[in-house]
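Hello,

Please find the structure below. My notes on the helices and the ligand follow.

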Amino acid sequence: MSEINLLSKYPKAKRNIAARVSGKFDNREIALKFGKEYFDGTREQGYGGYKYDGRWLPVAKDIVEHYKLKAGSRVLDIGCAKGYLVKDLMRVCPGMEVFGIDISLYAITNCENETIGRLHLGDARSLPFPDASFDVAISINTIHNFDKSGCIEALKEMTRVAPTAGYVQVDAYRSEVEKSLFLDWVLTAKTHGTPEFWKALICEANYNGDYYWTTL
Ligand SMILES: C[S@@+](CC[C@H](N)C(=O)[O-])C[C@H]1O[C@@H](n2cnc3c(N)ncnc32)[C@H](O)[C@@H]1O
């Protein structure tokens with residue numbers, strides 16, 4: 001288990017925090033449905049239009065190298081959205097068996113052709129897969145959408161389906177300035193805190209995989 005940033009090559013998003021703050025109450029309600037508006041509505045409601053552009057390719061390369069994945073390795077992306085990381089992992093490492101799961105029917109039915117049949121509809125807190133069915137479970141910016149007990153359930157599920165390796169990334173803040181920016185920006189996260197808060201929660205869940213933070 002180690003703190004490692006496997007998203008260091010993911011492009012930094014542009015954020016207009018002032019625009020997000022106004023109308024936040026309504027936008028939060030819309031975002032929490034994880035429907036069309038969240039992915040392909042306005043930036044105030046979520047992604048502001050999420051199209052495949054290869055932005056996950058360098059991240060996929062780092063994941064494949066870090067976990068020494070190869071053809072035949074089995075990888076699960078929990079909270080996979082439209083499956084772009086699933087697609088890019090398969091592009092980087094042909095022959096690898098990559099799957100995704102997400103609560104959003106809109107996201108998984110608006111996937112790229114290469115991932116048709118690989119994206120499942122389901123809940124990160126109760127994964128519909130057998131024990132030890134994956135070599136690595138990845139969950140990026142998803143489990144913070146649960147309350148604390150839900151985060152623990154989701155981390156335990158990651159360990160159950162992939163006991164040997166995992167990577168989880170969650171929203172965090174390292175200072176009062178970052179916390180204030182985060183609180184203005186956040187739409188869907190229910191659990192958030194400092195890296196120390198998350199490390200304690202990870203320990204409580206007996207999660208042994210790797211982890212890192214999304215900060216503003
Ligand atoms: C911020 S997005 C992150 C998506 C992708 N991992 C990424 O980093 O771009 C959060 C994702 O979590 C999904 N999600 C929310 N609640 C979930 C749940 N209970 N189980 C599985 N996925 C969930 C949403 O539909 C959305 O795709």
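**Helix packing**

Helix H4 (residues 57-66) and helix H5 (residues 84-92) cross at roughly 60°, and their axes come within 8 Å. Helices here are DSSP runs of H or I with at least four residues, numbered from the N terminus. Axes are lines fitted to C-alpha atoms over the stretch in contact, and angles run from 0 to 180 degrees between N-to-C directions.

This is a predicted model: local features need pLDDT of at least 70, side-chain atom pairs count only at pLDDT 80 or more, and totals for chains, interfaces and linings use all residues. Residues are numbered from 1 along each chain as its sequence is written, and side-chain values use heavy atoms, without hydrogens and water.

H4 passes H5 in a right-handed crossing (the near helix is turned clockwise from the far one by less than a right angle).

Helix H7 (residues 148-161) packs with helix H9 (residues 195-204) at about 55°, the axes 9 Å apart. That makes H7 oblique to H9. The crossing of H7 past H9 is right-handed.

**Ligand**

The ligand is surrounded by 20 residues (a heavy atom within 4 Å). The closest are Tyr-47, Gly-79, Asp-102, Ala-124 and Ile-140.

Polar contacts are N or O pairs within 3.5 Å. A backbone N or O atom of Gly-79 lies 2.7 Å from a ligand nitrogen atom. For a backbone N or O atom of Ile-140, the distance to a ligand nitrogen atom is 2.9 Å.

Best wishes

Technical notes. A polar contact is a pair of N or O atoms within 3.5 Å; within protein, one must be able to donate a hydrogen and the other to accept it, and residues adjacent in sequence count only if both atoms are side-chain atoms. Helices (H or I, at least four residues) and strands (E, at least two) are DSSP runs, numbered from the N terminus. Angles under 35 degrees count as roughly parallel, over 145 as roughly antiparallel, 65 to 115 as roughly perpendicular and the rest as oblique.
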